[in-house]
Amino acid sequence: MSEGKGIVMTMNARNKSVIQAPYTVEQLMSLLSDVCDGQNMFSHQDFVYWCEKYTLFHYKYEMDESQWLADLESEERAHFAKAFLIAKDVPAKWQQYLMQQFSFQDLKNQPLQDILIPQAYFVQWLTELYSYDHVN
C-alpha cells in the first residue's frame with residue numbers, strides 16, 4: 001500500500017492497484033494534476049475506474065438531469081456539476097482511444113494497466129475543471 005496527497009493505493013486480488021480516495025471535486029483535481037505533472041502512482045486504467053466510481057457516487061445527476069443542468073448554471077454548484085461531466089467523459093474517452101488505437105487482438109494481448117491515453121486529455125479535463133472551480 002502506498003500513499004500520497006490523500007490517495008491510498010492498494011492491490012486487489014488480481015495484484016492490480018486501486019485508487020482509494022474520496023469522490024470529491026478536489027480529489028478529482030488532485031488526481032488530474034498528478035497525471036499532468038507526471039506524479040501519478042496509478043495507471044490510466046485505475047483513474048478510469050476511479051472516475052466510474054465517482055459518477056456512481058454522485059448518481060443524483062444521473063437520476064435528475066434537470067438538477068445537473070441547474071447546478072451547472074449555479075455559480076455555487078457549477079464546479080460539482082462540471083466535475084461530474086468530466087468524470088463521465090474519462091471512461092468514454094478511454095473506450096474511444098482503445099477502439100481507435102488497438103485491434104481486438106492487441107487488447108487481448110496487452111494489459112490495460114500498461115496503456116496510456118494522450119496527456120492532452122488530462123490537461124483538457126483539468127483546464128475545464130479549473131475554469132468552473134469557484135472554491136477558494
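This section describes the helix packing of a predicted model and the surroundings of selected residues.

In the predicted model, the secondary structure of the protein chain comes to 7 helices and 3 strands, and along the sequence these elements follow the pattern β-β-β-α-α-α-α-α-α-α. Of the 136 residues of the chain, 42% count as buried. Among contacts between residues at least 6 apart in sequence, 57% join residues at least 24 apart.

For helix α1 (residues 25–36) and helix α2 (residues 44–57), the axes come within 12 Å and cross at roughly 165°. Because this angle is over 145 degrees, α1 and α2 are roughly antiparallel to each other, and α1 passes α2 in a left-handed crossing. On the side of α1 the contact is made by Val 25, Gln 27, Leu 28, Leu 31, Leu 32 and Val 35, and on the side of α2 by His 44, Phe 47, Trp 50, Cys 51 and Tyr 54. By class, the contact of α1 with α2 has 9 nonpolar and 2 polar residues, and no charged residues.

Helix α2 also packs against helix α5 (residues 78–101), with axes that come within 8 Å and cross at roughly 135°. The two helices are therefore oblique to each other, and α2 passes α5 in a left-handed crossing. The residues of α2 that take part are His 44, Gln 45, Phe 47, Val 48, Cys 51, Glu 52, Tyr 54 and Thr 55, which meet Ala 83, Phe 84, Ala 87, Lys 88, Val 90, Pro 91 and Trp 94 of α5. The contact of α2 with α5 comprises 10 nonpolar, 3 polar and 2 charged residues.

A further contact of α5 involves helix α4 (residues 65–73), where the axes come within 6 Å and cross at roughly 125°. Helices α4 and α5 are therefore likewise oblique to each other, and α4 passes α5 in a left-handed crossing. Here Trp 68, Asp 71 and Leu 72 in α4 meet Ala 78, Ala 81, Lys 82, Phe 84 and Leu 85 in α5; the residues of this contact divide into 6 nonpolar and 2 charged, with no polar residues.

Two residues of α2 were examined individually. Trp 50, which lies in α2 and belongs to the contact with α1, is buried, with a relative accessible area of 1%. When residues up to four places away in sequence are not counted, Trp 50 touches Ile 19, Ala 21, Pro 22, Tyr 23, Thr 24, Gln 27, Leu 28 and Leu 31. A polar atom of the Trp 50 side chain lies 3.2 Å from the backbone oxygen of Ala 21, and the C-alpha atoms of Trp 50 and Leu 28, which are 22 residues apart along the chain, are separated by 9.2 Å.

Ser 33, found in α1, is buried, with a relative accessible area of 15%, and, not counting residues up to four places away in sequence, Ser 33 touches Leu 126 and Tyr 130. Ala 120, by contrast, is found in helix α7 (residues 119–132) and is exposed, with a relative accessible area of 54%. The C-alpha atoms of Ala 120 and Cys 36 are separated by 8.6 Å, although the two residues are 84 residues apart along the chain.

Methods:
Residues numbered from 1 in each chain as written. Predicted model: local features only at pLDDT ≥ 70, side-chain atom pairs only at ≥ 80, totals over all residues. Heavy atoms only, no water. Axes fitted to C-alpha atoms, helices over the stretch in contact; angles between N-to-C directions. Helix = DSSP H or I, 4+ residues; strand = E, 2+ residues; numbered from the N terminus. Parallel < 35°, antiparallel > 145°, perpendicular 65-115°, else oblique. Left-handed = near helix turned anticlockwise from the far one by under 90°. Contact = heavy atoms within 4.5 Å. Nonpolar A, V, L, I, M, F, W, Y, C, P; charged D, E, K, R; others polar. Buried < 20%, exposed > 50% of the residue type's maximum accessible area, 1.4 Å probe, protein only. Polar contact = N/O pair within 3.5 Å; in protein donor to acceptor, adjacent residues only side chain to side chain.
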